[in-house]
Amino acid sequence: MTAMLQVTDVTKAFGGVVANDAVSISVPQGAIVGLIGPNGSGKTTLFNAITGAQAIDAGSIRFEGQEISRLLTGEIARAGIIRTYQQPRIYGGLSTRDNMLVSASIRRGSSPSLFRRANAKAIAWADELLDFVGLIEKRDILAGDLSFGQQKLLELAMALSNEPRMLLLDEPTAGINPILIDSVIERLKVANSKFGLTLLVIEHNMPVIMDLAQHIYCLAHGSLLADGTPEAIQNDANVLDAYLGAA
Amino acid sequence: MAEYRALTPKRLLLIASLLAVGVAAPLVLPAYQLQLTELLLFIVFALAWDLVGGQMGYNSFGNVLFVGLGMYGAAIVQVGLFYDVGLYNAARGGGTQFVFDVPQFITGLALGIPAAALISAFAAWLLGSLVLTMRGHYFAICTLGLGIAAGQIAAGIPWIGAGSGMLTPNPPEALGDVALLLYYLALGLAITCALTFAWLLSTRFGLALNAIRDDEDKAEAMGLKTHAAKVTAWVIAAGFLGAAGALYGNVVRFIDPVQTAFAGATIGVWMILMALLGGKGTLAGPIVGAIVFQIMKELFWTYLLGWQRVALGLLIIAVAVFFPAGIVGFIRERGSAKAKEQNQ
């Protein structure tokens, strides 16, 4: 079976710093794949490369068989890859519900549908997802007035409302109330099983990623250090070395 | 978005009474007819500026470009339909050979105003593809340059009167009160503009403009066609600015390239000030701002003559310092603060 997302030998350097050095990962359709590594190991750089935020120096990125490494951010998004950010990015001047309405998929309709009001169906879809992340009570509040954790949840709901084929999550549980983390994981798993959403997740919280992902890639100093099942990664000597320093 | 959703009886009554005031105003206050016409055009200027500057967050300092293009465009159509534009301007529109009878004058206006809107919209489409790739200060400075350059270019084209300017066609005496006709045309334009924008802002397009204002890169990464949305908004705004410019030229009767048409230091600044004064990023704001501004301007020009620009400058400072959100924004902030208190 060919992978949904196939990253092959992607290299990206910032001056003399090689942030990604011939990194190859593969994400099968319907999977939840984790991406871990110490700070500065190149995880977010790889996300930027996949979503077209930064052009890569060398290598290939194929999504559903199509080469996307030379496409623009918007084209990649419309092809079906949506990301969230470490620092949540929402539209602070819009209400929480309007954030949802403007994020809803445009793939379902052509661009003239922009010149229509959000219909009852669109509003119901927005509210369903706001309910899903527990923000339905906040729908009329300005998104900029939400707390950090609430903004992260809103950003997740916005991404889901776009109905992507693949969702790239950059530290989805960072900054979220520890009590809420379990429910976030639960919701991600439901999004995966219920909506058939393929997930690629950057995460620093080890228990979270071990629980969530079926396959994990570990980056260190811009290169791929190891990959395997959560159990294999947990016991990999190289990984332990990268995180804790040589024994 | 929610604010324009329903046409409640209360809102219909408000609209009806505003319309009645608009229709009756020049008849009740004939002495202020010119100022009222100017006010209606100012409302269009402020609304059009705010669509791009307030709703979309692209602060343009060069919107006079579209006003001026519309002004010249309409005048050229009005004259050119019946006479040679070059000869007309060489003769300064005078003499007995450049006379417009009633059908000619009306035809000129009827074709000139839509032509002005189209010319300005087309210019916005051409320039937008280039200029709207710039952001923040770069966009502001670039548009400022465009407005200044346009005035200097217009002042160098003899065909349209060069630095001596161009006169709009002399209205035939048989037509009666042309000023009143222009007032009602301005009223129609202002209403069309306000209704069009109210509709636009109630659609997902309006949300997309706000999304671009709040985080353009995010909007792009969410798959919105941000560039197309930006150019569309800019083109719509320019169309209204062009039509308003066409009327403005006919109201003042004389088009000076730098003082009237591409008047960055007056109209260009005023339209921004009006939007800020009323509250940028709201539909009511630019309208309220234009009304308050026009009253202030007339008071300053009447009672503080010689110091009127100083007074206007102080007004700008006062707005920036004390009412950064504008009148409508200030009221809304207080309203939401009250609502928050009640929630607790």
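Guide: A residue is called buried under 20% relative accessible area and exposed over 50%, with partly exposed in between. The model discussed here is predicted.

Visitor: What is the phi of A:A22, which is not a glycine?

Guide: Most residues other than glycine have a negative phi. A:A22 is not a glycine, yet its phi is positive, at about 50°.

Visitor: Where does B:R253, a residue other than glycine with positive phi, lie?

Guide: The phi of B:R253 is near 75°, a positive value in a residue other than glycine. B:R253 is partly exposed, with a relative accessible area of 27%. Its place in chain B is the loop between α9 (226–252) and β2 (254–255).

Visitor: Which kind of aromatic pair do B:Y83 and B:F98 form?

Guide: The structure holds 24 aromatic pairs over all chains. In the pair of B:Y83 and B:F98, the centres are 5.3 Å apart and the planes make an angle of 80°. An angle over 60 degrees counts as edge-to-face, so this pair is edge-to-face.

Visitor: How many residues apart in sequence are the parts that this pair, B:Y83 and B:F98, ties together?

Guide: B:Y83 is in the loop between α3 (64–80) and α4 (85–90) of chain B, while B:F98 is in the loop between α4 and α5 (102–131). B:Y83 is partly exposed at 21% relative accessible area, whereas B:F98 is buried at 7%. The pair therefore ties together parts whose separation in sequence is 15 residues.

Visitor: Over the ring of which residue does the charged end of B:K297 sit?

Guide: Ring pairs link a cluster that includes B:F42, B:F45, B:Y248 and B:W301. The charged end of B:K297 is 5.8 Å from the centre of the ring below it, and that ring belongs to B:W301.

Visitor: And in chain A, how far is the charged end of A:R89 from the centre of the ring of A:Y85?

Guide: A charge sits over a ring if the charged atom is within 6 Å of the centre and within 35 degrees of the ring normal. The charged end of A:R89 sits over the ring of A:Y85, at a distance from its centre of 4.6 Å.

Visitor: How much area do domain 1 and domain 2 of chain A bury between them?

Guide: The C-alpha centres of the two domains of chain A lie 25 Å apart. Their contact takes 21 residues from domain 1 and 15 residues from domain 2. Of the area buried between them, 71% is on carbon and sulfur atoms, and the total is about 1,300 Å².

Visitor: Which residues of chain B lose the most area to chain A?

Guide: In the contact between the chains, 27 residues of chain B meet 31 residues of chain A. The two chains bury about 2,700 Å² between them, 58% of it on carbon and sulfur atoms. On the side of chain B, three residues together make up 30% of what is buried, and they are B:R204, B:K218 and B:M222.

Visitor: Is B:T37 buried or exposed?

Guide: B:T37 is placed in helix α2 (residues 33–55) of chain B. Leaving aside neighbours within four places in sequence, its contacts include B:A179, B:L182 and B:V251. Its relative accessible area is 3%, which is under 20%, so B:T37 is buried.

Visitor: In which helix is A:R97 found?

Guide: A:R97 is buried, with a relative accessible area of 16%. Leaving aside neighbours within four places in sequence, A:R97 is in contact with residues including A:D127, A:R139 and A:D140. Its place in chain A is helix α3 (residues 96–103).

Note on methods: Residues are numbered from 1 along each chain as its sequence is written. Chains are lettered from A and ligands numbered from 1 in the order in which they are written. This is a predicted model: local features need pLDDT of at least 70, side-chain atom pairs count only at pLDDT 80 or more; totals for chains, interfaces and linings use all residues. Side-chain values use heavy atoms; hydrogens and water are left out. Rings of Phe, Tyr and Trp (its six-membered ring) pair if their centres lie within 6.5 Å; planes under 30 degrees apart count as stacked, over 60 as edge-to-face and the rest as tilted. Helices (H or I, at least four residues) and strands (E, at least two) are DSSP runs, numbered from the N terminus. Buried means under 20% relative accessible area, exposed over 50%, partly exposed in between (1.4 Å probe, protein chains only). Domain bounds come from an automatic or database domain assignment. Contact means heavy atoms within 4.5 Å. Buried area is the accessible area (1.4 Å probe) that two parts lose on being put together, summed over both.
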